[in-house]
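User: I'd like to learn how to read a structure like this one. Can you walk me through it?

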Amino acid sequence: MNHWHKRIFSTAVALVVAMAASLTLPRSELSVQAASLSEIQQKQEEVQQKLDAVNADLKAVEGQLADEEAYQQSLTQQINLNQEKINLMNQQIAAYTQNIEDNEAKIAQKEEEIVQKEDEIAQKQEEIDDTYEVFKTRMRTLYMAGETSSLEMLFSADSFADFLLNVELMKAVSQSDEQLVSDLRTQKQEQEEQKAELLETKQQIEETNIQIQQDQENIIFQREQIKATQSELESAYAESKTAQQNYEALQEQYQTNKDAVLAEEKQVEDELQAWYAQQAQNNQGSSSGSSNSAFGWPLPGYTYISSGYGPRWGGFHSGIDITGGGVYGANIVAAESGTIILASTHWSYGNYVIIDHGGGYTTLYAHASSLLVSVGQQVSKGQAIARVGSTGQSTGPHLHFEVRVNGVHKNPTGYVSP
Ligand SMILES: [Zn+2]
């Protein structure tokens, strides 16, 4: 080629390169969207923090509610136990009241019997008095008869005989009177003894009744103490109920807050999806603009980018690392048709391949376990060129993929997507 040809050729190449550059992805738009992505991710993080906070609030209030419920349960148990005691005491008190009333009736009856006995005794006394009076009269008559008749009766045998008879008779009568008085006195004595017995019985019942009344008073006192405790427990229960209602209102508030945060989360997710959709559209637009940049995904079946393009570890990561479970040995395919211009081993890249796609575009595939192509070979888009490995500077099986335009590495995510 002569000088002019060379010049024309280089000018043409420069033109094509310039065209290709202008036709590929508008880089400025990408960077705007990248910033927007980080904004969305920032929002997502903030929403997550809010969600964590509101979940913590909810958990705390649920704990407080559980505490109140447990407290109320123990109070209810105590209140029921006390109520049982009160019921039992009420029964005891009622039984004592019945007992006291029975005893009072018995006492009244005894009193009646005593009065009756006293009447009987009085009556008996009267009888004794009357009989004694008769006895005395008879004795006096007998005495007087004895004094006056001694001379008179001597002149009349009949009257003397009568007199003697009378004396004997009166003696007999007076003896009978004496016996009668003695019997009556014995009867009265018995009645007095019966009265004493009645009094003693009455006194015993009264003493028993006093004891029962004291016992009843003790139980009433205990019952009043339990009732006082009961009213304390009931006000504690009412307080706990109020606290519970407050916590429930709080819980409702937190739930409302959570719903709002969840809505926000959904919104951010929508934004993120919209961003991805836009990204995909942009990629499609760029690849349709230039046949050379219509790259395909180099590692079919694996979409996870473990390390992106950009500054890394104080250096610069010139490509993307694609990996996934069971990736070792998976086929690495040509992103676009082209010529293999390098298939070799590098201290850092390990086993690697570079394909020239023309138009200044090259792609690089590194860390392969084995290479399936050799330099100068033509490959078509999607053709297997190597297998995934972990050769060179690699910490695990993955594909390190680069896109270079005129030898300068670019962010591959601007050209390929899974
Ligand atoms: Zn890498």
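Analyst: Let's begin with burial: buried means under 20% relative accessible area, exposed over 50%, and partly exposed in between (1.4 Å probe, protein chains only). D321 has 6% relative accessibility, so D321 counts as buried. H400, at 5%, is buried too. Keep in mind that this is a predicted model, where local features need pLDDT of at least 70, side-chain atom pairs count only at pLDDT 80 or more, and totals for chains, interfaces and linings use all residues. Residues are numbered from 1 along each chain as its sequence is written, and side-chain values use heavy atoms, leaving out hydrogens and water.

User: Which protein donors does the zinc ion have?

Analyst: Donors are N, O and S atoms within 2.8 Å of the metal (3.2 Å for Na, K and Ca); water is not among the atoms, so sites may look incomplete. Here they are H317 (NE2), D321 (OD) and H400 (ND1), 1.8 to 2.3 Å from the zinc ion. Along the chain their spacing is H-x3-D-x78-H. D321 sits in strand β4 (residues 320-323) and H400 in strand β12 (residues 399-405), so this pair ties together parts 79 residues apart in sequence. Strands (E, at least two residues) are DSSP runs, numbered from the N terminus.

User: What joins the side chains of D321 and H317?

Analyst: A polar contact of 3.2 Å. That term means a pair of N or O atoms within 3.5 Å; within protein, one must be able to donate a hydrogen and the other to accept it, and residues adjacent in sequence count only if both atoms are side-chain atoms.

Key. Helix = DSSP H or I, 4+ residues; strand = E, 2+ residues; numbered from the N terminus.
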